[in-house]
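Biologist: Can we go through the side-chain contacts in this one? Start wherever you like.

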Amino acid sequence: DGPSRIRVSTLRSRPVYRFFVQGEWVTVFADDGSVLEQLSPDAALDVVRDAFPSERSTARFVETLRQPDQWTIGMRAGGPLHVVSLGDDAATNVYVASDTGEIVLKTDRNSRFWGYAGPVMHWFYFRPLRVKGELWYNLIVYGSVVGCILSIIGLVIGIYRYSLSRLRAGMSATPYV
């Protein structure tokens, strides 16, 4: 079977074809036809240094992720991801896919802060929950059901406490000031 998708790109200034075959990306160098083997951490560091020349001297390899971290949950990048820190004032981390050599994500201190303050807190997007999809789903669904039930109880109590006789007597219809 042939590839279902084809992309043309570059890897460290070399032209490459990226073929999506049977659920995986295969990278082939267009100049000599060789297939890209999985990128080593040092090769990933070189990719980042080429992409961010102003941080060439401060960039350093941090780790290889074999499981998603907080920022890569749900990403469809194949193979392990190499994390490279740029060593800049913004505390930027760059994620490089080991199977394609592509930079798939860039985060910095500011984006991570707002990520936690926004979607992570709002959707309960914490990594330990998200990697257990069914647990996260059940927590969200049943937590919402509990919230709806509590809202209905609050409405019922409010209607129960409302008094037409107090309103006719010229007082507030509720016992609250």
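Modeller: Trp-25 counts as buried, at 13% relative accessibility. Buried means under 20% relative accessible area, exposed over 50% and partly exposed in between, with a 1.4 Å probe and protein chains only. This is a predicted model, where local features need pLDDT of at least 70 and side-chain atom pairs count only at pLDDT 80 or more, while totals for chains, interfaces and linings use all residues. Residues are numbered from 1 along each chain as its sequence is written, and side-chain values use heavy atoms, with hydrogens and water left out.

Biologist: Which residue lies over the face of Trp-25?

Modeller: Arg-7, at 4.1 Å from the ring centre. A charge sits over a ring if NZ of Lys or CZ of Arg is within 6 Å of the ring centre and within 35 degrees of the ring normal. Arg-14 lies over the face of Phe-29 in turn, at 3.8 Å from the ring centre.

Biologist: And ring on ring, how many aromatic pairs does the structure hold?

Modeller: Four. Rings of Phe, Tyr and Trp (its six-membered ring) pair if their centres lie within 6.5 Å; planes under 30 degrees apart count as stacked, over 60 as edge-to-face and the rest as tilted. Phe-20 and Trp-25 have ring centres 4.9 Å apart and planes at 50 degrees, so that pair is tilted. Phe-113 and Trp-114 are edge-to-face, at 4.9 Å centre to centre and 80 degrees between the planes.

Biologist: Is Trp-114 buried or exposed?

Modeller: Exposed, with a relative accessible area of 54%. Phe-20 is partly exposed, at 21%.

Biologist: Back to Arg-7. What does Arg-7 form a salt bridge with?

Modeller: Glu-102, with the closest N and O atoms 2.7 Å apart. A salt bridge here is a side-chain nitrogen of Lys or Arg within 4 Å of a carboxyl oxygen of Asp or Glu. The pair links distant parts of the chain, 95 residues apart: Arg-7 is in strand 1 (residues 5-11), and Glu-102 is in the loop between strand 6 (93-97) and strand 7 (103-107). Helices (H or I, at least four residues) and strands (E, at least two) are DSSP runs, numbered from the N terminus.

Biologist: How many salt bridges does the structure hold?

Modeller: Seven. Arg-12, Asp-46, Asp-50 and Arg-56 are linked in a network of them.

Biologist: How exposed is Arg-56?

Modeller: Partly exposed, with a relative accessible area of 40%. Arg-12 is partly exposed too, at 42%, and Asp-50 is at 33%.
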